[in-house]
Amino acid sequence: MGQPQPSGSTRRTFVTRAATVGGAAALGLGALPRAAHAAPSSGRTVAVLGGGVAGLTAAHELAERGFAVTVYERRALGGKARSFGVPDSAKGSRAPLPGEHGFRFIPGIYHNLPDTMRRIPFPGNRNGVWDNLVAPPEMSFARSGGREDIRMPIPGRDGDPADLTLDDIARALTAFLDTAFSIPAHEVAYFVNRALVFLTSCDERRDGQWEAEPWWDFVRAERMSYDYRRILAIGVTRNIVATKAEVASTRTVGTLGEAFVFNALGRGADGPPDRILNAPTNEAWIDPWVEHLRSLGVDFRVGWTVREVAYGGGRVTKAVIEDPRGARQDVTADHYVQAMPVEHARRTWGAALRAADPQLARCDKLRTDWMTGIQFYLTERPDIVEGHFNCVDSAWSLTGIAQAAHWKGRDFPADYGDGTVLDCLSVDISEWDQPGILYGKTAKKCTREEVAREVWAQLKAHLNDTGKQVLSDRKLHSWHLDPGVDGIGGPNPTNDDELLIHPVGTLHNRPSAATKVPNLFLAGDYVAVDIDLATMEGANAAARQAVNALLDRVGSDAKRCTVKPLYRAPELEGLKRADRARYRLGLPNAFDLG
């Protein structure tokens, strides 16, 4: 719950104060960090390695239970979830234009992350930063080639729907009928049948048969029409699971699809299916969170990079960490919660540590891929759907959202940039290995400028193709591509912020939060949790599981963290029990038509 604030406190002063407290540390320019410390004998010190959503969640839960927590973060608190100022974009007293790794998306299927958000105070909010969530009224599947976009209201949202003109209604009907008749009826019926097969499949079949089959094969996409593939096979996975239909396991796609279906029906949800923050992420969430953790006694070391988690005598003996000056230091604590992305964490595990727990070695089989954001700053607000849009036919699988309409408490001309920017069009690029329409090159082979021009061209091809000019070059003020991407257009492109993907078999290589090393615990979106997806919710749930495992190891009587699973419809449990019997007999699901 949010705490009352002094009468003179405002949202702006709160954010300014949070930025003042954390800004120097975030840049590694504040007071020099204390020397590495030896662990006292109390058994209550914890080194949290990583300051993203998983690390901050672990620190939050541990600090509330009386542990002395120090968070070591190599770059900036908030990790991939953070927002940041675009360099050299501010004029006068305004803040820099807001940049981000990708737009935030906090659907109603999440329960653990919203619980944490409710416990982060924010001025004027009864429910903390959770009250900074707003629900877009609609979404769209944008088509190219002169086809009308499919515009869809989002169910379960309080308040009035988005305003519609007669032209909007006519276009929506045209899009619906065009798509309805372009996907043959027998293909629609088949897709519905596949959904029923998954919904009634028991957990054993999901973990076995469906984990081993790609979603692309499960829905027989290769045999179907273009629109079936682009909307039902690819479009669904991009919007819901942010992964590739051709390789993603059916278990992963189906599990999240099931959760969103019940969310849309108002079952077992924290809120509507689509929610975003009402301001840039750090203003609305991360900065208040860091300030709250500081008030709980959490210490932060920003600019410290973990190089090794050393093992000896059956335990982690130290973390070797490079400080902001480039000097290596040995950091010791009673317990270690490693909350780093898997591609960075596994580099710190030596042979002895891997031998102590084979699940660490299995993490080498986990795969990551590029999914990176670019922001376009516009001098006019585009006449665009009030919510997320999916560019269904785009070569680079683009999804995006115009944010200004949803940032109710912020005003672009007054607050950001040079006073001419009116909106931020935030776009995620999900496909970096297919040629584009402008240069005929993959995104990785394009320079940063070419990526921006290519994405802009693909957006215009989807949003301007029916005589309604949504985007124009004269409205484009500037753009900003995630700085984690480097070397593109050259021989060695790199991405510092890759995303865990879920090809078949991933489930069986994901580690548990508790390791066989008694003082090492794992927290991150790659850890095995119920949501089975690389998400902020997964990172939050994994951190809660890590804290619970730590409490169990030390025999603490502190209350365990609640870890809420995805909703399960009770009406389907009987069918799942029947399917379990069939699966054990080697029989297909009763609804499976092959």
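Start with helix 9 and its buried residues, where buried means under 20% relative accessible area with a 1.4 Å probe and protein chains only: these are Thr250, Arg251, Thr252, Val253, Gly254, Thr255, Leu256, Glu258, Ala259, Phe260, Phe262 and Asn263. That makes 12 of 15 residues, so helix 9 is mostly covered. Helices here are DSSP runs of H or I with at least four residues, numbered from the N terminus.

A word on the ground rules: this is a predicted model, with local features needing pLDDT of at least 70 and side-chain atom pairs pLDDT 80 or more, while totals for chains, interfaces and linings use all residues. Residues are numbered from 1 along each chain as its sequence is written, and side-chain values use heavy atoms, leaving out hydrogens and water.

After the helix comes Gly266, with a positive phi near 80°.

Now for helix 2 (residues 53-64) and helix 10 (residues 281-295): their axes, lines fitted to C-alpha atoms over the stretch in contact, with angles from 0 to 180 degrees between N-to-C directions, come within 10 Å and cross at roughly 30°. The contact (heavy atoms within 4.5 Å) involves Val53, Leu56, Thr57, Ala59 and His60 of helix 2, and Trp285, Trp289, His292 and Leu293 of helix 10.

As for cysteines, Cys424 counts as buried at 0% relative accessibility, and Cys446 is buried with a relative accessible area of 0%.

Conventions
Buried < 20%, exposed > 50% of the residue type's maximum accessible area, 1.4 Å probe, protein only. Helix = DSSP H or I, 4+ residues; strand = E, 2+ residues; numbered from the N terminus.
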